[in-house]
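Here's a quick walk through one protein model, told strand by strand and helix by helix. Have the viewer open while you read.

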Amino acid sequence: MDEEQAIFIIGKQLSALRNSGEDLSEELIKVGNSWISPNELADEYDKHFPPGPRRHKQVTDRVFEYSVVPSRDCRGELMGLYIQYQGQSFDVLEKAEVFPCNGREDVKTQIWTSKCNRYDVIEGRLYTFVIDKLEEKISMAKASFRVDDMTFCEEIPIAGKDRLWISDEKSDHSCRVYFPFFTFDKFWPAWNGYVELRKKQIDELRVQD
């Protein structure tokens, strides 16, 4: 892809993200024989098509509390998480496979917060969940799910056109989110539907082989 194509294809997408209030990644993008920052590509696109008023990133001072679900007889299985905020409890991850039973300290080390404090990223054993504390929604950044008795699929789930870059200025943590955010009560039906679709796609690819 040459520079002009990159400006009008990638630059357009980056401009829209930045104009909606998102921080762009600092990772350089290869365009032809050059490496260009996402902000430079967005700037070049904006020269041709000036954007409307830029919205400020929605920040929040909310702090969610996370604790593993107690289990008397874990036997090496994975535990879920309690999520609490000012007396409210959210059970979206209560029965999920998040952390191993012997990894209670992972709650402290494997959960980090975005620069704006809006998002909490939970890096579990099989899944990386992203919590939107402002809108009380959840998404999936990475996942490992069983396709059949012998096969696991590890991937970055992609659905829809939205994407989000999340980083933590206090460390080197970062992740991209390409899966939609759902309210807590609608997340698992949507995710299970995605998994079933991916299983069918994988089966079709195997038949082609």
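Which residue is the bridge partner of E123 in β10? It's T128. Before going further, a word on ground rules: this is a predicted model, where local features need pLDDT of at least 70, side-chain atom pairs count only at pLDDT 80 or more, and totals for chains, interfaces and linings use all residues. Residues are numbered from 1 along each chain as its sequence is written, and side-chain values use heavy atoms, with hydrogens and water left out.

**The hairpins**

Helices (H or I, at least four residues) and strands (E, at least two) are DSSP runs, numbered from the N terminus. Two strands pair if DSSP finds at least two bridges between them. In general, strands of a sheet pair through backbone hydrogen bonds, either parallel or antiparallel.

| Strands | Pairing | Residues between the strands |
|---|---|---|
| β9 and β10 | antiparallel, five bridges | three residues |
| β10 and β11 | antiparallel, six bridges | four residues |
| β11 and β12 | antiparallel, four bridges | five residues |

D132 stands opposite K137 in β11, and A143 has E155 as its bridge partner in β12. In the turn of the β10–β11 hairpin, E136 has a positive phi of about 55°.

Now for burial: buried means under 20% relative accessible area, exposed means over 50%, and partly exposed is in between (1.4 Å probe, protein chains only). Six of the six residues of β10 are buried, so β10 is largely enclosed by the rest of the structure. Both of its faces are covered, with Y127, F129 and I131 buried on one side and T128, V130 and D132 buried on the other.

**A buried lysine in a loop**

K133 sits in the loop between β10 (127-132) and β11 (137-146). Is K133 buried or exposed? At 2% relative accessibility, K133 counts as buried. Contact here means heavy atoms within 4.5 Å. Not counting residues up to four places away in sequence, K133 touches R62, F64, T113, N117, R118, Y119 and D120.

One of those, N117, also makes a polar contact with the lysine. (That's a pair of N or O atoms within 3.5 Å; within protein, one must be able to donate a hydrogen and the other to accept it, and residues adjacent in sequence count only if both atoms are side-chain atoms.) The backbone oxygen of N117 lies 2.9 Å from a polar atom of the K133 side chain. N117 itself is in the loop between β8 (111-113) and β9 (119-123), and has a positive phi of about 75° although it is not a glycine.

**The three-stranded sheet**

Elsewhere, an open sheet of three strands runs in the order β3-β5-β6, with antiparallel pairing. The edges are β3 (65-68) and β6 (88-90); each has a single partner strand, so one side of each is left without a neighbour in the sheet. From one strand to the next, the twist averages 25°. Four bridges join β3 to β5 (residues 81-85), and S67 stands opposite Y82 in β5.

The loop between β5 and β6 holds Q86, another non-glycine with a positive phi, about 45°. At 68% relative accessibility, Q86 counts as exposed.

**Two crossing helices**

Helix α1 (residues 3-19) and helix α2 (residues 38-48) pack at an angle of about 100°, with their axes 7 Å apart. Axes are lines fitted to C-alpha atoms, for helices over the stretch in contact, and angles run from 0 to 180 degrees between N-to-C directions. Angles under 35 degrees count as roughly parallel, over 145 as roughly antiparallel, 65 to 115 as roughly perpendicular and the rest as oblique. That makes α1 and α2 roughly perpendicular to each other.

Residues making the contact include I7, I10 and L14 of α1, and L41, A42 and Y45 of α2.

I7 lies in α1 and counts as buried at 8% relative accessibility. Leaving aside neighbours within four places in sequence, I7 is in contact with K12, L41, E44 and Y45. I7 and D46 are 39 residues apart in sequence and 9.4 Å apart in space, C-alpha to C-alpha.
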